[in-house]
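Here's a quick look at some charged side chains and how they pair up. Have the structure open while you read.

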Amino acid sequence: MKTTEIESQSAVQRLALWHLNTDSLGVLYQSSKVPNILMLLCAMACVWLLQDTTQIAWLMAWVIAVLGLSVVQTMTAKAFARASVAQKASPFWQYALLCSACFSGFLLAVIAVVFVPAEDFNQQLLLLGLLSLIAASACIAYALSCVLFIGYVSFSFVPIIWLYLSADSELLNGFGFLVVMCLAAITTAIIQVNRLLHQVLQQREKNQKLIHSLQSAQQQSATLNAELSQEVLSKHAVEQQLLAATAELEQSVHARTCELNEALQALSKSQERLELALDASQLALWDWDLETDQVHHTRTKSIFGLEDEQVENMLSDLRPLLHPDDLPVLRRAMIEHMKQRTDGYVVEYRVKHSDGHWVWIEDRGRAVQRDASGRVLRMLGTRRDISLRKQHDEELRLASSVFDAGTECIVILDPEYKVLTVNKAYTAVTGFKREDVVGRSVVAQVTHIEVRQQYERIRAGIEQYGSWQGESLDMRKNGEIYPLWLQIHVVRDHDNKITHIVGFFTDLTARRKTEERLSYLTQHDELTGLSNRALFHQRLQQAVESKQYAGGSIALLHIDLDRFKVLNDSLGVQVADQVLCVVSQRLSRLLPEADTVARLGGNEFAIVLDNYGTLSSLVRLAASLLAHIRLPIDIGDDELVISASLGISILSDNACDPAALISQANIAMQHAKYLGGDNYQFYNDQLQTSSLERLQLEQHLRRAIEEGQLQAYYQPKLTLHDGVVRSAEALVRWNHPQRGLIPPSEFIPLAEETGLIGAITELMLHQACEQALIWMQQGMPVRVSVNLSVNHVRQGNLEALVQRVLEQTGLPAYLLELELTESQLLENAESVIGAFRKLRKLGVHLAIDDFGTGYSSLSYLKRFPTNSIKIDQSFIRDVTHNDEDAAITRAIIAMAHSLNLLVVAEGVETQAQLDFLKASRCDEIQGYLISRPVPAQQFAEFLLDHKQAQLDLN
């Protein structure tokens, strides 16, 4: 240790900057006093030589600087002395040493540069000699440190050499070279001195370390001698203790022998008690030798249903009985224990009893013997049947799951009405956590007076009858009062004492809101919030009864939005619903004083006005309603404008009960719609008559379809280039038993409105195909044209219908032509194109009827797989004296021919029209000029007469 301290002190004494120890520094500072004394003598010489000059003041300043340098060096020496004692040196004083050496050289250079007289050569020699002596002594003083030497030389010799060598005088240049040689000689001497001094100082340091090492060795030897003596004494004491311990051991062996005899007796008794405890606890012991796989097992009969001799090996006898799902659990537990990761293992698994059922076993075991490598050689453990416990646990788990999973809130109280437990539904409904209520009285957490009074009534009922049920109130954690349906029952023990109180309750808040919502929905329209049909009838009945009793009048306005179905089909249900909501809001804002504004369903609204004023005010109101409905409706980026038809009936004028009032308003609305919509109509008796006629006509039309009153009339089509009739159009006619022949313009719109047009089309298709077959069999093949209903195209069954009719009648497909108007084609373009292509594959001819009346689209026209087009009679009627109709007709014919289509002109009634069409190269014509539509028999006669006329002409 002392050697270490000496080495530490030596390391501290070394100065990192110049690698000097404190002894070297002492020598350095003692030798540095000589240059300072010589510099003071040089100053005195300069004073004597320069006493008569003006530089005396600067010389005095130089002297003061030398004295200050001496003071700084003295302070630095003291600081290093303290560093030597304290074994630490401040970097500040190290740099102060370097700065003092540099400043000392600088002061020497100042004398040579400033104060040496340039005129007097003798004085120059004297002062330069003195300066050389000072410089040599200073260099010797700083010989111990190369850094200090270089610093001193840099600030003393370098300025002098530069001054003399740069002078114009050869003499001074010579002095400069002399100073350089002197500096070189001094430097050589200083290097030798530095080397010798360092060797001496290093040798001195080694000697000091050797002395310290010898002193440390001497001290260690003395310490070892003392320890050896102490060890000898300790050995004698240990021998004495060993003799005493031997005696005590003999006594302990004797006592232990006695204790073992007593333990053997206690073990025998304990074994007896263990056997009794095992029998009582139903535990079975097992001992497994892993090397031979032999196992000794007790109670095999009660656990496995096997005799003892049937259970001899663990792997071959018992492992096959293990349930496959439990085998990984047991294997994992045993492996963890065999790898000494656990002290033992406890596993629950199932084994198969000899009678076939599964028995739950709790198996505990541990290794009692291992070999040198840690491999288990023997294991001991116990097994017991825990099937009853598992069954009980499952029942408890099921009961707990039912308790917590039930949607009904359950709370269990003690006889003092303190909460024992609650289920999850209770916490969800009340907001109280389980720890908030357990152990507290159910009344203590209620602050509402009404709820507390209700609790007291419930408690009285429980104490009197043992149970209570009914609707009650309770308070949630947030202070909200809510209704509930509560059932409470008491649980008694065998002494008929109350042990628990069980409460079941259901939150009625949602049910109340549902009832309120259902009540609202039963009387209001869900979409618009207006009164629905039921509430409308109820309020209308009340208003009628009130007015009949008190007098007065009531106006009923029935509103139906025009073309709403088209809007719904084209823009979708969502847009249609938005339109209905906007219209409802406008009606509500415009009629705040109305007794009822209701939506009857779909796009129909009804308004009940009580005390509407005069008829003129009612007219203004109706006009205002229609104007507000016509206002643009912004739906997304689109702007929609919709109109309405309005029917008005007045209680005092035409009706005396609500049903009649509603019927009359509806008739007036239907008449407004019949007039084109966007208008209002008051009910009158004439409207009633017209409505009844339309209803009767609809019923007669249905009967006419069933009874076969509708017949096909045929109008021929004449081929212009040869005058031959090759085709005819089948047109429906109604021969009414009482009214006679009813024109199509009277019942066709009704059929389209009621949907009967589909049945009429199918009927005409059958009749036309059957008649065409008859004419073909008679040698008069004529292609019949039948007008199609767009309903068949929409339903997608057109191809199947045509194919079925052709198969039933046996008519070749090329003798059938189907016509569909241009507007119907464009309305369902894609579906029509698909259906027409299928019909073309069958061989059926296809024609576009009323061409030019719709929004003719050439892009669609070229896609339709048609054979011909029919120019509407509106163009043919004035073709001879209207240049525009003539130009349009020529253009249609030219366009059709360019697309390889036949052109048929309808409504030809004059010879001038025929001549124009023939000149325009029209293919066929049809009209009264050739023949009116006639029954099949007359058409056959027309064909024969026309054929004979052709033969006569030829």
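Asp-849 sits in strand β23 (residues 845-851); strands here are DSSP E runs of at least two residues, and helices are H or I runs of at least four, numbered from the N terminus. This is a predicted model, where local features need pLDDT of at least 70, side-chain atom pairs count only at pLDDT 80 or more, and totals for chains, interfaces and linings use all residues. Residues are numbered from 1 along each chain as its sequence is written, and side-chain values use heavy atoms, with hydrogens and water left out.

Asp-849 is buried but has no salt bridge, and the nearest side chain of opposite charge, Lys-870, is 4.3 Å away. Buried means under 20% relative accessible area, exposed over 50%, and partly exposed in between (1.4 Å probe, protein chains only). For charge, Lys and Arg are positive, Asp and Glu negative, and His and the chain ends aren't counted. A salt bridge needs a side-chain nitrogen of Lys or Arg within 4 Å of a carboxyl oxygen of Asp or Glu.

The structure holds 31 salt bridges, including these:

| Pair | N to O distance |
|---|---|
| Arg-389 and Glu-348 | 2.4 Å |
| Lys-870 and Glu-729 | 2.9 Å |
| Lys-870 and Glu-906 | 3.2 Å |

So what about burial? Lys-870 is buried at 0% relative accessible area, and so are Glu-729 at 4% and Glu-906 at 10%. Arg-389, at 32%, counts as partly exposed, as does Glu-348 at 28%. Both Arg-389 and Glu-348 belong to a salt-bridge network that also links Glu-362, Arg-364, Arg-384 and Lys-390.
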